Amino acid sequence: MNVITDDHQLVREFLSGNEQSFNILARKYQERIYWHARRMLGDHDDAHDIVQQVLLVMHSKLRTFNFTSALYTWIYKITATRSLNLIKKKKLKAIFTFSSDKTFKNYSYENIIEDIETKERFLRMEKHLDSLPVKQRQVFTMRNYDDFSYEEISNITGKSIGALKANYFHAFRKMKELMEKNDD
């Protein structure tokens with residue numbers, strides 16, 4: 001049985017009243033949801049909140065899943081939407097509070113990245129990722145971190161493949177320039 005068939009079977013079992021099937025799906029995807037949200041938002045606490053939101057949406061809306069795509073495509077779309085909504089909410093809040101102060105982000109990657117040089121480069125890259133426009137950041141993370149094809153990203157975001165390629169090109173170029181600038 002492949003992943004799609006397994007996931008679809010678990011969804012059907014959940015819809016038939018087997019709560020344990022949902023728990024299996026939640027455990028299976030919570031880490032992937034977290035990392036996608038983390039890359040989009042750049043913050044552990046925000047990403048953790050998104051995981052909780054996505055799991056709640058999954059639980060309440062799983063009956064709307066139409067079985068025409070992989071379950072993770074559906075989950076990923078929810079995660080991306082929730083992450084983008086939080087980004088917009090934070091931008092609006094910043095505008096209305098008239099705060100120009102940047103808060104220090106406390107990253108704790110000790111358990112993830114052991115090598116100090118790699119850790120520093122990763123932190124610089126994540127900082128630069130935060131500086132990209134949202135559309136570019138989204139396609140960049142989906143291509144580089146999640147290994148989605150342009151077609152998959154198009155299905156998730158509803159954007160044309162041409163627009164996605166253009167956004168990715170600009171994001172890649174900016175990231176490369178920023179990383180090279182910092183390496184000097």
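Y29 and Y72 are both buried, where buried means under 20% relative accessible area, with a 1.4 Å probe and protein chains only. The model here is predicted, so local features need pLDDT of at least 70 and side-chain atom pairs count only at pLDDT 80 or more, while totals for chains, interfaces and linings use all residues. Residues are numbered from 1 along each chain as its sequence is written, and side-chain values use heavy atoms, leaving out hydrogens and water.

Now for the rings. Rings of Phe, Tyr and Trp (its six-membered ring) pair if their centres lie within 6.5 Å, and planes under 30 degrees apart count as stacked. By that rule there are 11 aromatic pairs, and here are two of them:

| Pair | Centres apart | Angle of planes | Type |
|---|---|---|---|
| Y29 and Y72 | 5.4 Å | 20° | stacked |
| F140 and Y168 | 5.9 Å | 20° | stacked |

Y29 sits in helix 2 (residues 19–41) and Y72 in helix 4 (residues 71–97), so this pair ties together parts 43 residues apart in sequence. Helices are DSSP runs (H or I, at least four residues), numbered from the N terminus. Y29 and Y72 also join Y76 and F148 in a cluster linked by ring pairs. As for F140 and Y168, both are buried; F140 is in helix 6 and Y168 in helix 8 (residues 161–183), 28 residues apart.

What about helix 6 and its neighbour? The axes of helix 6 (residues 134–144) and helix 7 (residues 150–157) come within 10 Å and cross at roughly 135°. Q138, V139, M142 and R143 in helix 6 meet Y150, I153, I156 and T157 in helix 7, with contact meaning heavy atoms within 4.5 Å.

Note on methods. Axes fitted to C-alpha atoms, helices over the stretch in contact; angles between N-to-C directions. Helix = DSSP H or I, 4+ residues; strand = E, 2+ residues; numbered from the N terminus. Phe/Tyr/Trp six-rings, centres within 6.5 Å; stacked < 30°, edge-to-face > 60°. Buried < 20%, exposed > 50% of the residue type's maximum accessible area, 1.4 Å probe, protein only.
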